[in-house]
Amino acid sequence: MAQSVNITELNLPQLEMLKNQLDQTAEDARDFFKRKIDFLTKQMEKIQPALQEKHAMKQAVMEMMSQKIQQLTALGAPQATAKA
């Protein structure tokens, strides 16, 4: 766990050392997030073709279902008028 320090009690070399540690921590964080962004970008590029193919298949299925519903509705309408 981090140690609590009152910075008003630190001398100049200690303050410079603390500043360098904070700068390094910030630099490490920037490097980490840059690597994370690069990783996620590559993963998205990998799955994009599969996602596009799935979307195209879904569209084809939806179109086919719509055609079938229209056919069934068209076939059902004459039967309903014949019964009346």
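The following dialogue explains how to read several features of this predicted model.

User: Which conventions apply to the numbering and to the predicted model?

Analyst: Residues are numbered from 1 along each chain as its sequence is written, and side-chain values use heavy atoms, with hydrogens and water left out. The model is predicted, and local features need pLDDT of at least 70, side-chain atom pairs count only at pLDDT 80 or more, while totals for chains, interfaces and linings use all residues.

User: How many residues does the chain have, and what percentage of them count as buried?

Analyst: With a 1.4 Å probe and protein chains only, buried means under 20% relative accessible area, exposed over 50%, and partly exposed in between. Of the 84 residues, 0% count as buried.

User: How many salt bridges does the whole structure hold?

Analyst: A salt bridge is a side-chain nitrogen of Lys or Arg within 4 Å of a carboxyl oxygen of Asp or Glu. A search finds three. Lys 19 meets Asp 23 at 2.8 Å, N to O, and Asp 38 meets Lys 34 at 3.1 Å, N to O. In the bridge of Arg 30 with Glu 27, the closest N and O atoms are 3.3 Å apart.

User: Why are Lys 19 and Asp 23 separated by about one helical turn?

Analyst: They are separated by about one helical turn because they are four residues apart in helix 1. Arg 30 and Glu 27, also in helix 1, are three residues apart, about one turn of the helix.

User: How is an aromatic pair described?

Analyst: A pair of aromatic rings is described by the distance of the centres and the angle of the planes. Rings of Phe, Tyr and Trp (its six-membered ring) pair if their centres lie within 6.5 Å; planes under 30 degrees apart count as stacked, over 60 as edge-to-face and the rest as tilted. This structure holds one aromatic pair: Phe 32 and Phe 33 are edge-to-face, 5.0 Å centre to centre, with 80° between the planes. Phe 32 is partly exposed at 41% relative accessibility, whereas Phe 33 is exposed at 53%.

Key
Helices (H or I, at least four residues) and strands (E, at least two) are DSSP runs, numbered from the N terminus.
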